[in-house]
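Please open the model in a viewer and follow the selections below in order. Each stop names what to select and then states what is found there.

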Amino acid sequence: MSRTIWVGAVAYDPKVVGIWEGMRRYFHEEAGLAVEVVLFQSYEAQVAALLASPSERLPRIDIGWNTNLAYIQADAWSDHRCRPIAMRDTDVGWMTKIVAVTGGPVATLADLKSRTLALGSRDSGHAAILPVYFLHREGLVEGRDYQTLRFNTDLGKHGDTGTSESEVVRAVLDGRADAGAIGSPFWNAVRTERLVPQGALTEIWTSQPYNHCMFTARSDLDPALEQQFAKALFGMSYDNPAHRPVLEAEGLRQWIAPQLDAYAQLREASTQQGFLTRPLA
């Protein structure tokens, strides 16, 4: 085996432990790669470890499994030296949905004027950062044209837990908010898993598509190790019964090469809202 590759992931749910036990087993037993996993409690800590220099008294990782926000933060704070490696097929084409009670007073974006929009955790790209950004582009400014009810639950997880989106939906249903912003995967789950009574909510607006998670390499990682890691990822197959449970648990069918264009909107939104201001050490 080559030298150990240290990979960071955020433990936003107990299932993450099982996912990465399966991933580590695959890397060791099938791909012949010495991969070890470090679990973090927040993406802020993970990005700090990805960017840490040898002189800093911080844990250091070689690769981070980042949300879209964590990826663009790592990219910006490394002066674009961190390298994208791979993403899930399901990370392509995410959208933000604004939903409202079916038959209620909000049926279009224009109906949001002087009303309340529920948002998820402030560090969630899909349920907070991008909704405010997209609505501003539509001529609706937070605090001027509409008010927000924010659910800042599980901060540091960048909306991965889905808890804040559940709170958004609950607020819309019980009338505390006139509409709510959630990610398209959660909206799909609401309908397919019947998390609310059938037909209770209606999608009144859909954003342009954007992308989500990204494996991100530290700037000084040996390119040969990076390539070995990527080759191993791309070697996982949904048709292989040993690989499928891990892939399903992580929510994908195939690892794919980075598709970078669809991060531009989140980059701009995060700049405007202060998420790319690097925290003081």
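Select helix 2 (residues 43-51) and helix 3 (residues 68-77), whose axes come within 10 Å and cross at roughly 35 degrees. Axes here are lines fitted to C-alpha atoms, for helices over the stretch in contact, with angles running from 0 to 180 degrees between N-to-C directions. Helices (H or I, at least four residues) and strands (E, at least two) are DSSP runs, numbered from the N terminus. The crossing of helix 2 and helix 3 is right-handed, that is, the near helix is turned clockwise from the far one by less than a right angle.

This is a predicted model, in which local features need pLDDT of at least 70 and side-chain atom pairs count only at pLDDT 80 or more, while totals for chains, interfaces and linings use all residues. Residues are numbered from 1 along each chain as its sequence is written, and side-chain values use heavy atoms, with hydrogens and water left out.

Now display the side chains between the two helices. Tyr43, Val47, Leu50 and Leu51 of helix 2 meet Ala70, Ala74 and Trp77 of helix 3, a contact being heavy atoms within 4.5 Å. By class, this contact has seven nonpolar, no polar and no charged residues; the nonpolar class is Ala, Val, Leu, Ile, Met, Phe, Trp, Tyr, Cys and Pro, the charged class is Asp, Glu, Lys and Arg, and the others, Gly among them, are polar.

Step back to Ser42, in the loop between strand 2 (35-40) and helix 2. Ser42 counts as buried because its relative accessibility is 17%, where buried means under 20% relative accessible area, exposed over 50% and partly exposed in between (1.4 Å probe, protein chains only). Leaving aside residues up to four places away in sequence, Ser42 touches Val10 and Gly156.

Next, select Ile98 and Leu135, the residues with the most contacts inside the largest nonpolar core, which has 32 residues. Such a core is a set of buried Ala, Val, Leu, Ile, Met, Phe, Trp, Tyr and Cys residues joined through side-chain atoms within 4.5 Å. Elements giving two or more residues to this core include helix 3, strand 5 (96-101) and helix 4 (125-137). Helix 4 provides the largest share, six residues.

Finally, select Cys82 and Cys213. Which cysteine sulfur is nearest to that of Cys82? It is that of Cys213, 16 Å away, and Cys82 is in no disulfide, a disulfide being a pair of cysteine sulfur atoms within 2.5 Å. Cys82 is buried, with a relative accessible area of 4%, and Cys213 is buried at 6%.
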